[in-house]
Amino acid sequence: MDPTAWNVPFPVVVGALFVIVMCRANGTYWLGRLGSAGARRTRLARLMDSPGYRSATARIDRYGAPVVAVSFLTIGFQTLANLAAGATGMKLRHYLPAVTIGSVAWALLYATLGTVGVDLFGDLWARSPALAIGLGVLVVGAIVGFVVLQHRRGARAAEPQPDDSIAA
């Protein structure tokens, strides 16, 4: 689905993207909400035991709805935040405004910066496929590096810390 190929006015593109992301985010929320009770006996148990999911749940418990709204500006955390909001039973009066704000932001960003990025990558590919592939590898490498760094930080934070109160 390439919004740059849609021959419609910009507000229609933003509106369509908003509907798409609202359906996806709310579907993820309800999957978490409806499935949390029996999820430990299904394949979802592995996802719910993952460090990303535990992190999202902790942030939802601590910060609530603003985390859901801000998650739409991230890559990879958005789905986990919506799933955690559902699984932890976030009230709809908190969730719906947050998901609406996040979805509007995502639709506007994707309709502008996202489509510009697609256009620029297409132009780069037309000029130099090798350079475009190199850029793709660089972007994937940066994302993987960031994920590994975050995982290591999370593992270090989970390690038991020495008790300073004993050393007196």
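Guide: Helices (H or I, at least four residues) and strands (E, at least two) are DSSP runs, numbered from the N terminus. This is a predicted model, in which local features need pLDDT of at least 70, side-chain atom pairs count only at pLDDT 80 or more, and totals for chains, interfaces and linings use all residues. Residues are numbered from 1 along each chain as its sequence is written, and side-chain values use heavy atoms, with hydrogens and water left out.

Visitor: Which residue just after H5 takes a positive phi?
Guide: Helix H5 covers residues 77–87. Just after H5, phi is positive, at about 75°, and the residue is Gly89.

Visitor: How many residues of H5 are buried?
Guide: Buried means under 20% relative accessible area, exposed over 50%, and partly exposed in between (1.4 Å probe, protein chains only). In H5, the buried residues include Phe77, Leu80, Leu83 and Ala87. The helix is mostly covered, and of its 11 residues the buried ones number 10.

Visitor: Which side chain does a polar contact join to that of Gln78?
Guide: Gln78 is found in helix H5, and it counts as buried because its relative accessible area is 7%. A polar contact is a pair of N or O atoms within 3.5 Å; within protein, one must be able to donate a hydrogen and the other to accept it, and residues adjacent in sequence count only if both atoms are side-chain atoms. At 3.2 Å, the partner of the Gln78 side chain is that of Arg24.

Visitor: Over the face of which residue does Arg24 lie?
Guide: A charge sits over a ring if NZ of Lys or CZ of Arg is within 6 Å of the ring centre and within 35 degrees of the ring normal. Arg24 lies at 5.5 Å from the ring centre, and the residue is Trp106.

Visitor: How many aromatic pairs are found in the whole structure?
Guide: Rings of Phe, Tyr and Trp (its six-membered ring) pair if their centres lie within 6.5 Å; planes under 30 degrees apart count as stacked, over 60 as edge-to-face and the rest as tilted. A search of the whole structure gives a number of aromatic pairs, which is 3.

Visitor: What is the angle between the planes of Tyr29 and Trp30?
Guide: Tyr29 is buried, because its relative accessibility is 0%, whereas Trp30 is partly exposed at 34%. Ring pairs link Tyr29 and Trp30 with Tyr95 into a cluster. Tyr29 and Trp30 are 5.3 Å apart, centre to centre, and form an edge-to-face pair with an angle between the planes of 90°.

Visitor: Why are Trp106 and Tyr110 separated by about one helical turn?
Guide: Trp106 and Tyr110 form a stacked pair, 5.1 Å centre to centre with 10° between the planes. An α-helix has 3.6 residues a turn, so residues three or four places apart point the same way. Trp106 is buried at 16%, and Tyr110 is partly exposed at 28%. The two are about one turn apart because their spacing in helix H6 (residues 92–127) is 4 residues.

Visitor: Which helix gives the most to the nonpolar patch?
Guide: The nonpolar patch, including Phe121, Trp125 and Val139, has about 960 Å² of accessible area together, by the Shrake-Rupley method with a 1.4 Å probe, where for residues only the protein chains shown count as cover. The elements that give two or more residues to the patch are H6 and helix H7 (129–158). With 8 residues, the one that gives the most is H7.

Definitions and conventions. Patch = residues over 30% accessible without salt bridge, like charges linked within 9 Å, V, L, I, M, F, W, Y side chains within 5 Å. Salt bridge = Lys/Arg side-chain N within 4 Å of Asp/Glu carboxyl O.
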